[in-house]
Amino acid sequence: MTFTLRTLSIWAVGCLTVSALALIPHVSTVVGQTIAPQFPGGFVETMASATRPRWSASQIQSFLPSGRGKFTFPSPYRTEGVRITNSTDCGGSDCVKYVGYAYWRNMNNHVGSNEILVFLGLTKSRGGSGPTLFRYNKTTDQVTKVAPLFDSSHALSNASGEGWYFSASLPTKLYLNQGSRMYRYDVISKQFETVFDVAPQYGSDKYIWQMHSSNDDLVHTATLRSTSNGAMLGCVIYREATKQFLFYTRLGTFDECHIDKSGRYLMILDNTDGQYDVENRFIDLQTGAETRILDQNGAVAHSDMGYGYVVGADNWNPLPNAAVTYTFSPTVTKGPAVFYNVNWNLNQVNHVSHQNAKPGPMNQQYACGSNADSGSVQNEIICFRLDNTRQQLVVAPVMTIMSASGGGDSYSKMPKGNLDVTGNYFIWTTNMGGSRLDAFIVKVPAHLLMGGQTDTTPPSAPSNVRIM
C-alpha cells in the first residue's frame with residue numbers, strides 16, 4: 001500500500017522508521033520539506049574571470065556511455081550526467097527534438113518520489129515515436145523509455161512537443177495546446193482535461209501558442225493567433241478559479257507573453273515603438289497598472305519569471321551579455337546585473353531558466369542557463385545567484401559543436417535547457433559533435449553556490465513508501 005506524504009496522517013508518520021525514510025531520495029524527516037542534495041563536482045568562480053578550451057568530438061565521445069544512464073564529466077567539472085536518449089530511439093537517425101525552451105519544463109515535479117518523469121519529442125518521420133515519456137530513477141540512475149504519449153493514430157502523435165510543459169505542482173500533468181484549446185494531459189492515465197478554449201470567446205478562427213502557467217496552476221497565459229494568416233493578436237489570460245478571460249491586444253510587433261509564478265504579474269514582449277527590439281509591458285493583473293520599459297532603456301529578453309520578478313538578458317547593458325532583474329512590487333524596479341560575461345564574444349547563458357523559483361526573497365535564489373556558439377571557448381551550463389555576489393557555478397560542458405550536422409539548423413542545435421522545480425536537475429539536448437541530437441540531464445551541485453539552502457517545494461507521491 002502506498003501513500004503520498006501530503007496525505008499521511010500523524011499516526012502514519014509516526015509509523016515510518018528512520019531507516020524507511022532514509023530510502024526516500026532527498027526527503028528529510030521533516031514532512032513537507034526536503035533537503036537539497038549535495039551532488040558531486042562543479043566549481044564556483046568569479047564571473048568573467050576564466051574560460052576553458054572547447055573539447056573536440058573525440059574527447060566528448062571518450063567519456064559518454066552509448067547506453068542510457070549515469071556517467072561523470074571529466075575534470076574540471078566532475079559532475080554527474082545522465083544520458084536519456086541514444087541512437088536506438090531513432091534507428092540511428094537524428095530524430096530527437098531540442099527541448100522546448102528554457103522556460104518550459106521537460107521534467108515533472110518529482111519531489112518526494114524516487115523517479116523523474118521526462119518527456120521529449122522524437123520525430124516520427126525520422127524514426128522516432130513522437131512525443132515520448134521517459135523515467136529516470138534518482139536512486140539507481142536507471143533510465144527507462146516508457147512509451148509514446150499518444151497512440152500512433154492520434155493527431156498529436158506527430159507533434160514536436162515544443163511549448164508543452166509539466167505542471168509545477170501536479171506530478172503527472174502536462175500542459176499542451178491543440179488549436180484553440182489548452183489541455184492538461186495526464187501522462188500516466190492518458191486522460192485529457194480542457195483548461196480553456198478560446199473559440200467561444202474570441203472566435204473559431206483563432207488558436208493559441210506559447211502558453212505559460214502560474215505555479216499553483218490557476219492562472220494561464222497564451223498568445224492568441226489568427227488561423228488564417230498566423231498573425232499574433234495579443235495575450236490571453238485565463239483565471240481557472242473564476243473561469244474568466246482577460247485580453248491584452250498587441251500594440252506593435254507582438255512576440256509573446258508570460259505569467260509570473262505567482263499568477264499576478266504579466267510580462268508582454270511587444271515592439272511598441274517600432275525601433276530596435278521588443279519592449280517589456282509589465283502588468284499587475286490585480287490592479288491593472290501597466291509599466292513599459294523600452295528595449296533601449298534595458299528591457300529584458302530571453303528571460304524567465306519568478307515570484308514577482310523576472311530575470312533576463314539586457315542587451316543595452318554596458319557589461320558584456322549581462323542579465324538583470326526587474327521586481328514588480330511595490331513598483332517596477334530594475335536591479336543591477338546579476339550575470340555577465342568576460343567579453344561580448346561569449347554569451348554563456350543566452351537562454352535563462354528559472355523553473356526552480358520559490359516564494360520568498362529573490363536574492364536567495366538562483367537561475368541557470370546555456371548556449372552554444374562557434375567559438376573556441378567551452379560552452380557550459382552556468383548557474384548564478386540573483387543578487388550582487390557575482391559568483392557563478394560552472395556545472396558541465398554543453399558538448400555541442402555547431403559545425404556538426406546533428407540537430408539541423410543553428411537554432412535547433414542550441415541547448416535551450418531547463419531546470420526542474422527543485423533546481424537540482426538541468427536537461428538539455430546536444431549533438432556531441434556528431435550527426436544527431438540526444439538529451440542529457442546533469443545533477444546541479446547548487447549547494448556550492450547557495451550554501452546548502454533547503455528546497456521547500458511540497459512533496460508529492462513518493463514511490464515505495466510503506467506503512468509498517
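This is a predicted model: local features need pLDDT of at least 70, side-chain atom pairs count only at pLDDT 80 or more; totals for chains, interfaces and linings use all residues.

Reader: What is the mean pLDDT of the chain?

Author: pLDDT is the predictor's confidence in each residue, from 0 to 100. Here the chain has a mean of 89, and 89% of its residues reach 70 or more. Residues 1-33 stay under 50, and the model has 53 contacts for them beyond four places in sequence (contact means heavy atoms within 4.5 Å). Over residues 452-468 the pLDDT is below 50 too, with 62 contacts beyond near neighbours in sequence.

Reader: How many helices and strands are there in the chain?

Author: Both are DSSP runs, numbered from the N terminus: helices are H or I with at least four residues, strands are E with at least two. This chain has 6 helices and 29 strands. Take the contacts between residues at least 6 apart in sequence: 54% of them join residues at least 24 apart.

Reader: And how many of the residues are buried?

Author: Buried means under 20% relative accessible area, exposed means over 50%, and partly exposed is in between (1.4 Å probe, protein chains only). Of the 468 residues in the chain, 58% are buried.

Reader: Can you show me a buried one up close?

Author: Leu393 counts as buried because its relative accessible area is 0%. Its contacts, leaving aside neighbours within four places in sequence, include Phe43, Ile381, Val444 and Leu449. Leu449 is 56 residues away along the chain, yet the two C-alpha atoms are separated by 6.1 Å.

Reader: Where is Leu174 found, and which residues does Leu174 touch?

Author: Leu174 is found in strand 8. Its relative accessible area is 0%, so Leu174 is buried. Not counting residues up to four places away in sequence, Leu174 touches Phe119, Trp164 and Tyr185, among others. Leu174 and Tyr185 are 11 residues apart in sequence, and 5.0 Å apart from C-alpha to C-alpha.

Reader: Okay, empty space next. How do you find a hole in a protein?

Author: Rolling a probe the size of a water molecule over the atoms shows where empty space is left. On a 1 Å grid over the protein atoms alone, a cavity is a set of points where a 1.4 Å probe fits but cannot get out; a pocket is an open set with protein on both sides within 12 Å along at least five of seven lines; lining residues have an atom within 4 Å of a point. Grid points are joined across faces, edges and corners, and a volume is the space filled by probe spheres set on the points.

Reader: How much space lies in the largest pocket?

Author: About 520 Å³. It is lined by 27 residues, and the closest to its centre are Tyr103, Trp104, Glu162, Trp209 and Gln210. Strand 8 (173-178) and strand 11 (206-213) are among the elements that give two or more residues to this lining. By class, the lining divides into 12 nonpolar, 11 polar and 4 charged residues. Ala, Val, Leu, Ile, Met, Phe, Trp, Tyr, Cys and Pro count as nonpolar, Asp, Glu, Lys and Arg as charged, and the others, Gly among them, as polar.

Reader: How many cavities of 30 Å³ or more are there?

Author: The count comes to 4. The largest cavity has a volume of about 120 Å³. Of its 17 lining residues, Tyr103, Arg105, Tyr165, Ser213 and Gln355 are the closest to the centre. That lining has 7 nonpolar, 7 polar and 3 charged residues.

Reader: Which loop is the place of Met399?

Author: The loop between strand 26 and helix 5 (410-413). Met399 is not a glycine, but has a positive phi of about 75°. Lys416, not a glycine either, has a positive phi of about 50°, and is found in the loop between helix 5 and strand 27 (418-419).

How values were computed: Residues are numbered from 1 along each chain as its sequence is written. Side-chain values use heavy atoms; hydrogens and water are left out.
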